[in-house]
Amino acid sequence: MSEPLELAVVIPTFNERANVPLLVAKLEQALRGTRWEAIFVDDDSPDGTADAAREIARADSRVRVIQRIGRRGLGTACIEGMCATAAPVVAVIDGDLQHDETILPQMLAALHGDDALDIVIGSRFVAGGGTGEWDRDRVAKSAFATRLSQRVLNVGLTDPMSGFFAIRTDVVRTIAPHLSGIGFKILLDIMTASARPLQCLELPYVFRCREQGESKLDHVVALEYLIALYDRKFGKVVPVRFAMFSCIGVIGVLIHMGVLMLLHLGLGSGFLGAQIVGTAAAMTFNFFLNNALTYRDRRLRGWRQLLDGWVSFSLVCSVGAVANVGVAAFLYDFRYGAWAGSALAGVLVGAVWNYALSSRFTWGRY
Ligand SMILES: Nc1nc2c(ncn2[C@@H]2O[C@H](COP(=O)(O)OP(=O)(O)O)[C@@H](O)[C@H]2O)c(=O)[nH]1
Ligand SMILES: [Mg+2]
């Protein structure tokens, strides 16, 4: 029998074809003397990253591939990879060679040397670490996000945004059911999902420049980060999707009022006509914003899906408006004079109705 497996290296990838053979060669070099396997978790990259990994895997059984179809997300890719190994320790490393794989043996040795240690984290911000050739703008953004998570979530790490770490797989399996998988900061997710504080050690490394392929970081990433923070802090009280849906609803009300004032007061149109145009404008605005943000993971695309979605959303919201008025009127009669409370109860019932039905009929069909 061969030596037992010591370490699994999970590599989430999206369009990293050129980097796959380079990374495997670097792992081979860095992990001499260790029994390891590499698991590429690829979200069906159009550039054929999964095929590139399979080609290597045919000759080298230490390399494995999980190809996910119709799904995207760095967080969930890492979780699935970490749960797909029998090794006692799993490391997560980017597939673009920006993380320094040469510290993997040190990470493993630290876990071997101290049974109380749960996780070893590669940090750019302890002595000896660094962010390489980042421009000032990116350093500032990263520092802001780091401070925010330290404040909001109380994690005492120098580099909570790191995507490079090694953790015991039994710990991962224990907390996996509590991970949110939202966004791209899997380390933060892990640190805050655990019922007991995890014992960690930070090891320095210098972030390298990306030579092949391009970064998937865009403006949506910043939004996802805030959503992930919200979810950890308040998600159990008010689910994040409902919170977003409601905020967008409030903006919709403002738009409705704005259009109504412009048409009715400004241009002198009749109230009913102005009211209809205001309602249509608000519903259309809400539909597109919810499609882009609240349901970005199930976004409707192409004119056919968008038209279908817009019609069903408008129908759902019209019924919601009737429910809102009905409930408010009923409560108002029942508790004569409590107009504000009645109105708020109506708004709440309408919002829950709109949310529940649109998630099923507008964004739940494709
Ligand atoms: N499976 C999967 N991997 C992803 C996704 N987005 C990014 N990655 C991978 O995650 C790693 C880090 O992403 P990158 O774009 O380099 O982020 P940056 O280093 O912060 O610019 C890379 O290996 C990417 O290929 C995704 O949606 N799914
Ligand atoms: Mg990168």
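Select cysteine 78 and cysteine 83 and display their sulfur atoms in this predicted model. The two sulfurs are 11 Å apart, too far for a bond, a disulfide being a pair of cysteine sulfur atoms within 2.5 Å. Cysteine 83 is accordingly in no disulfide, and the count by this rule is 0. Cysteine 78 is buried, at 2% relative accessible area, whereas cysteine 83, at 39%, is partly exposed. Buried means under 20% relative accessible area, exposed over 50%, and partly exposed in between, for a 1.4 Å probe and protein chains only.

A note on conventions: residues are numbered from 1 along each chain as its sequence is written, while chains are lettered from A and ligands numbered from 1 in the order in which they are written. Local features need pLDDT of at least 70, side-chain atom pairs count only at pLDDT 80 or more, and totals for chains, interfaces and linings use all residues, with side-chain values taken from heavy atoms, hydrogens and water being left out.

Next, select the magnesium ion (ligand 2). Its protein donors are Asp96 (OD) and Gln98 (OE1), lying 1.9 Å from the ion. Donors are N, O and S atoms within 2.8 Å of the metal (3.2 Å for Na, K and Ca); water is not among the atoms, so the site may look incomplete. Aspartate 96 is buried at 5% relative accessible area, and glutamine 98 is buried at 11%.

Then turn to the cavity. A search of the whole structure finds 1 cavity of 30 Å³ or more; the largest cavity holds about 90 Å³. On a 1 Å grid over the protein atoms alone, a cavity is a set of points where a 1.4 Å probe fits but cannot get out, and a pocket is an open set with protein on both sides within 12 Å along at least five of seven lines; lining residues have an atom within 4 Å of a point. Select Leu153, Lys185, Asp189 and Arg232, which are among the residues lining this cavity. Helix 7 (186-193) and helix 8 (219-234) each give two or more residues, and helix 8 has the largest share, with 4. Helices are DSSP runs (H or I) of at least four residues.

Finally, select Gly249, Val253, Asn324, Val347 and Asn354, the closest to the centre of the second largest pocket among its 26 lining residues. This pocket has a volume of about 840 Å³. Helix 9 (240-266) gives the most to the lining, 10 residues.

Methods. Points joined across faces, edges and corners; volume = space filled by probe spheres on them.
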